[in-house]
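Here are a few friendly notes to read alongside the structure. Take them one at a time, and find each place in the viewer as you go.

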Amino acid sequence: MIEPIGNQYVVARPVYSANAFGEEHKKKQRHHKTFLDHLKGCCSCSTQKAKKIALSLFPIASWLPTYQIKEWLLSDIVSGISTGLVAVLQGLAFALLVTVPPSYGLYAAFFPVLVYFFLGTSKHISVGPFPVLSMMVGAVVVKLTPSESTAALEISNSSMSNDSSTDEYKVMVAATVTVLSGIIQLLMGVLRVGFLVIYLSESLISGFTTAAAVHVLVSQLKFMLQLTVPAHTDPFSIFKVLNSVFTQIEKTNIADLVTSLIILVIVFVVKEINQRYKAKLPVPIPIELIMTVIATGVSYGFDFENRFKVAVVGEMKRGFQPPIAPDTQIFQETIGDSFGIAIVGFVVAFSVASVYSLKYDYPIDGNQELIALGLSNIFSGSFQGFAGSTALSRSGVQESTGGKTQIAGILSAIIVLIVILALGFLLEPLQKSVLAALALGNLKGMLMQFTEIRRLWRKDKYDCLIWIMTFIFAIVLGLGLGLAASVAFQLLTIVFRTQFPKCSTLANVGRSNIYKNKKDYSDMYEPEGVKIFRCPAPIYFANIHFFKQKLIDAVGFNPLRILRKRNKALKKIRKLQKKGLLQVTPKGFICTNDGFKDSDDELDNNEIEELDQPIHTSDLPFQIDWNADLPLNMVVPQISLHSLILDFSAVSFLDISSMRGLKTILQEFIRINVDVYIVGSDDDFIEKLVQCEFFDDEVKDSIFFLTIHDAVLHIWMTKDYNASKFNASQEKEMKFDFTINTNGGLRNRECQVPVETKF
């Protein structure tokens, strides 16, 4: 019964052990579905289920019939045009990261949008090239391209000559990797394993994208300076590239350097204006488009290519290239890289989509996103595009310019289509250094994530460590190996957190029924002879020994050592008693022969096992008080602890190894007359112990209580109250029912004899 009294409450209920609660409140019989039940549910078919599957596979069928033409169409048109212009420039720029001709970046900006329009669940993200993925694909392309051809391609950065066969091979590698990553995403979506992205934390993604931004920055230096830099893909490659750049810095093309620096400064300044005044601007200033038009016009008008020998985009093929079949040999060599590309692409897209879904209150489906992105990459790779996801800046443009649905996305694809079919030739005079600068301009947000370190350090040092180590791994080992090492390290931190949990000793706060860490509050009361120990993590094979050591530190003694000393002392007492050399008086033991000596030789294994057994004194004509003085100055540590409460409310599971270890710990305490109680455990936790035959004559299932205060009250009744107030017959007839208020006072509601429970 609960009685509210102002801002306080009074609770009247019995003191519950787990067994007593189970007897009074019977659990329902529930049917837990087996694997076969789930399989039958998946294989069953009905009209409603078929309709649900169709709508989930084609989300466009859900939102397109409800499209509000008058309210949304104009906003989607404006957004689609703005996003399309940005997509064109980013496609050209990010193609440099893949080390393929810029025109192929337009294919990567066009084809994925068509598929995502029908299959995607997000209304606001803009799918297409993403710098991190482009960098990862480019690393694979460089790794698989023959070194001679690579050198020829590097020379082509500063001249009009092109090795077409090398370009074709690079395009084939990029397209094959894209198709394979799409197949992986599609399989993951079909198998409903989208939940795997939970193993990539926000800190890991932030550190990885920041490191990728640094890789992009370094990779673009050769275009900004127009230097011949050998490609590297092995660990420490970023340092090798920097070494190549600085050893030939005197060969820098000044025209390219000046142009790219001017573009960078202007883009950064205008983007900052867009960010600061986004509430006042009707649409963000399309600075990338403006600078592209100006740079193309200046380069063409002043003939930069011939006068200053700058590298330009060059021939832009009109129309589309015929689809190609992926190379299965490349499949075998790039399966690991493709898996990383598939995971990163999905994680980035799903993260951005989640932000917009929360902002505009509509659902997204992770598994369907995998299917949509997978088919988008398969389609794009088949038409010689490269892997895509969503660029944060491009999605930001689509949303901030008023985009309501993926109608804006399909309109942006139309803009890209116009450039592919008709206007591409206008971009031929554009310097590659301008594209490199525009690519770096889109990295500002990712590079600014360095500021995350301070915030993470204040919030969670483990998350901060994950960020730092992910950044270091990705920089030093490269993006592919770096991602794998980062995931492994992140999982390792989870092991560390559970292997070394912050255990604590609890005490009563404010003389109430609330128990907190006794180091945190001043008005604490610790029940005499009672120790309350809390473990805030699962207990398993890796941390059971740590748990035991922390428990020993909390109680101040090792129960096994005390047990052995008591058994050893008991063995000597028995010898004295059998020889008639021991007398028991009201004041204690008296040994009638001070010359008695016992061997203190080192014990063998059998004798040690005997000392670890329970203490039995039933054969003696007297009881031994282990906290009193023993004969012949036998030294056995005295302990004041009579009850130990283990708060397992945060312990979610035990494995078999830790179960054995826990039982040993409980037995050691019980054998030295310390009662052990476990509180807060889930019913499933107790049922697992029963199934594993955890309980016996020593460790009984009656040790479980619902709350810490239930266990404390039980201890008071058994240790003090019952012994001093009632005889055995009265105790059986009594049912204790306490009223507890927030001031900590207790009164007995059913007993006639008053109960004194002072804190």
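1. Let's start with a pair of strands. Strand β5 and strand β8 (residues 530–534) pair in the antiparallel sense, with three bridges between them. To find the spot, look for Ser 504, which stands opposite Arg 534 in β8. Please keep in mind that this is a predicted model.

2. Strand β5 has other partners too. Three bridges join β5 to strand β6 (residues 515–517), and these strands run antiparallel. Here Asn 508 stands opposite Tyr 515 in β6. The pairing of β5 with strand β7 (residues 524–525) is also antiparallel, over two bridges. For this pair, look at Val 509, whose bridge partner in β7 is Met 524.

3. Now follow the chain from β5 into β6. The two strands form a hairpin, with five residues between them. Within that turn, Gly 510 has a positive phi of about 60 degrees.

4. Is strand β5 (residues 504–509) largely enclosed or left open by the rest of the structure? Six of its six residues are buried, so β5 is largely enclosed. Buried here means under 20% relative accessible area.

5. Because 12 of the 14 residues are buried, α7 is largely enclosed by the rest of the structure. Among the buried ones are Pro 131, Leu 133, Met 135, Met 136, Gly 138 and Leu 144.

6. A nonpolar patch of about 730 Å² is made by Val 265, Val 269, Ile 273, Tyr 277, Ile 285, Ile 290, Ile 294, Val 298 and Phe 302. Helices α12 (254–276) and α13 (287–301) each supply at least two residues of this patch. Tyr 277 sits in the loop between α12 and α13. With 40% relative accessibility, Tyr 277 counts as partly exposed.

7. Asp 683 lies in helix α29 (residues 683–691), and it counts as partly exposed at 41% relative accessibility. How far apart are Asp 683 and Ala 18 in sequence and in space? They are 665 residues apart in sequence, and 8.7 Å apart in space, C-alpha to C-alpha.

Conventions: Residues are numbered from 1 along each chain as its sequence is written. This is a predicted model: local features need pLDDT of at least 70, side-chain atom pairs count only at pLDDT 80 or more; totals for chains, interfaces and linings use all residues. Side-chain values use heavy atoms; hydrogens and water are left out. Patches are made of residues with over 30% relative accessible area and no salt bridge: like charges are joined within 9 Å, nonpolar side chains (Val, Leu, Ile, Met, Phe, Trp, Tyr) within 5 Å. Accessible areas come from the Shrake-Rupley method with a 1.4 Å probe; for residues, only the protein chains shown count as cover. A salt bridge is a side-chain nitrogen of Lys or Arg within 4 Å of a carboxyl oxygen of Asp or Glu. Helices (H or I, at least four residues) and strands (E, at least two) are DSSP runs, numbered from the N terminus. Buried means under 20% relative accessible area, exposed over 50%, partly exposed in between (1.4 Å probe, protein chains only). Two strands pair if DSSP finds at least two bridges between them.
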